[in-house]
Amino acid sequence: MATGSRQLDLRTVTHTRIGIWDLYEERGKELPRRSDSSILEALVQIRDNTPYVIRMFKEIFNIRQVRRLLPAFLIVRVLDSLIPAVCLWYDGQLLQLVEAVMERRTVDTTVVIHVAVGRVTCAVASRLLRHVQRRIEIPLRMSIKQFYAKHIFHSMARIDLPTFTDSAVLKQLNSVTLFRDMGMDLAWKVAAELANLAATTTSIFSQLFVLFTVLRKQQDGPLLVILGFSQSLFRWYRTAPPLSADGLYSMSGVWAATTTNDDYIRMQGLKILNQVSSHRKELVAGNLGEYITSQFHESAQRVGDDAGDFREVCEAYFMKKFPSITSILRETLDELPQIAFMLRAVRRPTTISSSFMSLVLVEHTFNSFISTHLSPYRIFGLVRMITDVRNIYELKNVQNKVVDGTEQFPENQQSLSNGISVEFRNVSFQYPDEERYALRNVSFRIEASQLCVIVGGNGSGKSTILNLISRIYDPTEGTILIDNRDIKTLKLADLRAAMSILFQDYTHFPLSIRENIGLGNPGLAQDDDNIREAASMGGSRNFIEELPDGFDTYIDRPVDDRYPDLSEGSGVDYSNVRNMGGLRTSTVSDLSGGQKQRLAVSRTFMGSLVTDTDSSVGMLLFDEPSASLDPTAENELFENLRKLKGTKTVIFSTHRFGNLTRHADLILYMDQSVQEQGTHDELMRKEGEYAHIWNLQAKPFL
Ligand SMILES: Nc1ncnc2c1ncn2[C@@H]1O[C@H](COP(=O)(O)OP(=O)(O)OP(=O)(O)O)[C@@H](O)[C@H]1O
């Protein structure tokens, strides 16, 4: 697969087979900040990522709402964390009361009342504090989330296609955006976890202090406290997850894992086929339900229990490698407070009941330490979150693969009204990770304001030419000149503002039809008159105006209506609430394929519109835009394109030979390279491949 610079130096890479997975690790090459399970490594991670957390706090503190609410939240949180210590103090009072009763055989009722009132007050205070905490937490969380939603949105919006589809970059993006709202919520989660940490530490030290105060007069009391504390520390350590901060055991270096297990790959494919709504139509029409179920079962049977996700399989593998060495020692340590208690009971049998109560108090307190927020899972979770905070900020630094130019384009905005010239000089191109050349040694020149039609069979490289003109990708070899200047020297934003493109694999944005068209020219995106004009040019205006919501219609609504978990099939009738609220029953859009294509054409025409204040584009690129259009619509489109001749450069790619080619200033007949070029008459006279296909395909219909 790999070629040239992509070649691997296999001597430095080790291969391990783990279940169905092949793991490749590069020897002696460490990633800057991934680490294994040791607490020390976790500390290193915290240290490395602290600047990002500080930056995060500075930023969230600049949000007015947060500046007001965060200190209040922290104060309430810490106050709440002191309550267990107060309760413990009352328990100590109770303990002393028992001792006094044992010695004097009388009960001091004021102490009893005091303790009872104290405990009740603690319970009430705790409940109230938690309520206040929750009240503050919700607006606080929403403000922070909103702030990071904007931050992450911008960091992602600037990434170009080759970078966006790079699997390593994708992983970084996923760490920030994988779970719904995850990235946006992350800052809040980190803040909340740090607050928890502070509160838990306060809680532990205040309880330790109270325990010492209560038990210091008892013989062996301090010893019990020390033993209890060390016991809980060891228990804490024992429950510490052996996972590294990124969830994988001890794999701190550069590594990659893949699987070639056909059944596993097929199972994942079948799952997607079954889950993603865009496949449902074919699944139903093809009567595939039973078939894919049986295929899934067969594959699952063959692959057996090896069919795990890499993380699971890896965990199981490394588990075997890490037996617990110190477990016996830890088990012994667990028993130390009880041993101390028994020794004391043997030496001083009269104090046995008070010692027992002390022991219960100590055990109860330290058990609560382990089960609190200081649980090792939460600590490791925090370390992971802190690493993700760094990912959020580093998203901004992801380098685009298509490097921006520095020169303004065009030098004179007016020049765009005469179109833009394009020249390919010996351009060859391979898509990333592809060995085959999509284009090989392609040269041609399209003069400003000419109409160029690119024709050729499937896979002949037509779309690739448009991808290169818009610098979605850069050529592997050769040069592209735009208005006689190297395309790489021009500022990308200027270049793209100067052209309007309809890609073959266009999509509709999950926005209103108005915006779907308007975004063809962001400068005019709010201008209703221009949007209507573009809709007329693209042949979509009539059917849009007939829709109940007209230009406000959403083709795919990005927000789902919500219902309780019970579905309609389970006997619940939602029609009343649905009718009352005007909720739709179907998520499927009402537009035909041809209507959708007309919308996409309208969006592209949007770029050709001019106002006094805004310049329009100088070039329009259409990649097979008439595939789903009826003959009338296609004819209208060609008329509109012909009208642009002389003011805009128009490049039109198609594998259908016909009306438009006869009006083209330049026809490129492609098959990986330019096989023939010229006007229709020139190519017909040449009697080459173009003439042959034209005679076959178009002539009978004209
Ligand atoms: N994103 C991509 N990644 C890898 N290879 C690609 C990609 N897009 C296209 N190719 C390959 O590049 C070659 C040229 O494809 P291109 O899309 O330019 O052809 P086309 O002439 O537009 O075809 P069609 O008429 O079918 O749209 C084909 O071999 C195709 O498989």
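These legends walk you through a few close-up views of a predicted model. Residues are numbered from 1 along each chain as its sequence is written. In this predicted model, local features need pLDDT of at least 70 and side-chain atom pairs count only at pLDDT 80 or more, while totals for chains, interfaces and linings use all residues.

**View 1. The shell around the ligand.** Here 13 residues surround the ligand, a residue being near if its C-beta atom, placed from the backbone, lies within 6 Å. The closest are Tyr-431, Ala-438, Asn-458, Ser-463 and Thr-464. Helix α16 (residues 462-469) gives the most, with 3 residues; helices are DSSP runs of H or I with at least four residues, strands are runs of E with at least two, and both are numbered from the N terminus.

**View 2. A cis peptide bond at Pro-410.** The bond from Phe-409 to Pro-410 is cis, with omega near -10°. Look for Pro-410 in the loop between α15 (376-394) and β4 (422-429).

**View 3. Asp-433, with a positive phi.** Asp-433 belongs to the loop between β4 and β5 (439-446), and its phi is near 70°. Asp-433 counts as exposed because it has 12 C-beta neighbours inside 10 Å; the cut-offs are 12 or fewer other C-beta atoms within 10 Å for exposed, 20 or more for buried, and partly exposed in between, with C-beta atoms placed from the backbone.

**View 4. Ser-449, with a positive phi.** In the loop between β5 and β6 (451-456) sits Ser-449, with phi near 65°. Ser-449 has 20 C-beta neighbours inside 10 Å, so this residue counts as buried.
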